[in-house]
Amino acid sequence: MLHKLLSGDLPRSRILTALLLVILLGLLLAPFLFSGARPLNTAATICVYIVLVASYDLLLGYTGIVSFAHTMFYGIGAYGIGLALARVDEPTWGVMVTGLVLALLLALALALVVGLFALRVRAIFYAMITLAVASSFAVLASQLSDLTGGEDGVTFSVPELLSPSYLLFENEVFGRYVDGKVITYYLVFAGSVLLFLFLLRLVNSPFGRVLQAIRENEFRAEALGYRTMVYRIWANCLAALVAALAGALMALWLRYVGPKTSLGFEVMTDILLIVVIGGMGTMYGAVIGATLFILAQNYLKELMAHGSTALEGVPLLAAALHPDRWLLWLGVLFILSIYFFPIGIVGKLRVRAWLARRKMVSPVS
């Protein structure tokens with residue numbers, strides 16, 4: 001059953017399996033394990049970023065396409081939900097679904113156009129074209145303030161079931177009221193799990209094998225009879241749709257959408273960092289990378305503050321661990337992860353597990 005659910009792509013490492021189980025259980029039980037809004041917001045962000053990074057890895061890790069337009073599709077999904085709910089007096093599920101469908105259609109159309117015209121060029125030229133398109137879209141979202149709210153963005157209401165004032169049960173469950181915020185979290189969690197399993201199935205299907213062949217040697221794949229341009233365009237469209245759905249989930253969680261949170265280039269750099277940390281060409285890399293990166297982004301500053309206070313007697317170390325320098329230490333951690341895990345954390349763990357198994361089955365001389 002598990003083998004079928006994971007599309008035959010098992011972790012193949014005991015350490016990786018343990019890490020994935022801890023992350024899954026942590027995200028599943030987050031509302032009841034932690035109190036306060038910050039841990040729940042961190043868990044929801046991890047869920048969304050796992051899907052967002054995995055969809056980008058479909059392009060970069062599995063197809064070999066370097067794109068800087070992924071945040072554009074992410075933002076389209078977020079704006080689709082946000083603008084639809086912000087323009088009505090009474091938010092309903094029908095309005096939300098309508099906004100999501102329109103956003104998916106727009107994302108699909110743009111992905112198809114970008115794919116048809118830009119994928120005919122190679123390497124850095126395609127990356128520059130996607131960067132220009134994404135930048136133009138971000139500027140457009142900022143300029144059309146009457147529609148998008150400009151730089152301030154748009155806040156909106158959600159259906160009653162997802163409202164914080166809604167209570168599913170009168171009594172607490174495991175020490176917490178199951179309100180609309182918790183229901184929204186589990187909607188985000190369930191949506192992220194389904195999208196991740198879809199991507200896992202996709203990359204382990206015959207379609208995914210062709211994408212990997214294109215990544216390794218496009219000319220040889222074309223010589224075998226595969227229409228590589230069609231496969232690349234399909235990969236671009238599918239990745240765009242999943243990114244748009246991830247953006248919709250994030251907007252639904254935040255009940256806010258703006259150019260900085262949805263279309264900013266910082267989001268794109270975060271995606272690239274997570275892909276490299278977790279490991280390109282593996283969906284599980286998105287899980288490990290997103291979890292570590294989002295946790296560091298949210299709690300590294302706080303940990304450094306405690307460390308700086310504890311080392312007040314050593315002025316040099318206390319100054320080095322000052323919370324204002326958290327970005328510096330985040331960069332140091334990234335450099336160390338690249339040094340010790342050049343093929344990503346998941347890639348390193350799988351190679352170690354493979355070498356251990358090979359050593360166990362090798363004949364004794």
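Where is Ser13 found? Is Ser13 buried or exposed? And which residues does Ser13 touch, leaving out those up to four places away in sequence?

Modeller: A caution to begin with: this is a predicted model. Ser13 sits in a loop. That loop runs between helix H1 (2–5) and helix H2 (14–28). Ser13 counts as buried, because its relative accessibility is 7% and the cut-off for buried is under 20%. Its contacts come next. Setting aside residues up to four places away in sequence, Ser13 touches Leu349 and Ala353.

Now the chain around this loop. It has 18 helices and two strands. Buried residues, with Ser13 among them, make up 48% of the 365 residues.

Overall dimensions follow. The radius of gyration is 22 Å. A compact globule of 365 residues would have a value near 21 Å, so the chain agrees with that expectation. Along the principal axes, the C-alpha atoms fill a box of roughly 70 × 60 × 45 Å.

Last, surface and charge. The accessible surface of the chain is about 18,800 Å². Carbon and sulfur atoms hold 69% of that area. The chain carries 25 positive and 19 negative charges.

Key. Residues numbered from 1 in each chain as written. Predicted model: local features only at pLDDT ≥ 70, side-chain atom pairs only at ≥ 80, totals over all residues. Heavy atoms only, no water. Helix = DSSP H or I, 4+ residues; strand = E, 2+ residues; numbered from the N terminus. Rg over C-alpha atoms; globule rule 2.2 N^0.38 Å. Buried < 20%, exposed > 50% of the residue type's maximum accessible area, 1.4 Å probe, protein only. Areas by Shrake-Rupley, 256 points an atom, 1.4 Å probe, with all protein chains shown as cover. Lys, Arg positive; Asp, Glu negative; His and termini not counted. Charge placed at Lys NZ, Arg CZ, Asp CG, Glu CD. Contact = heavy atoms within 4.5 Å.
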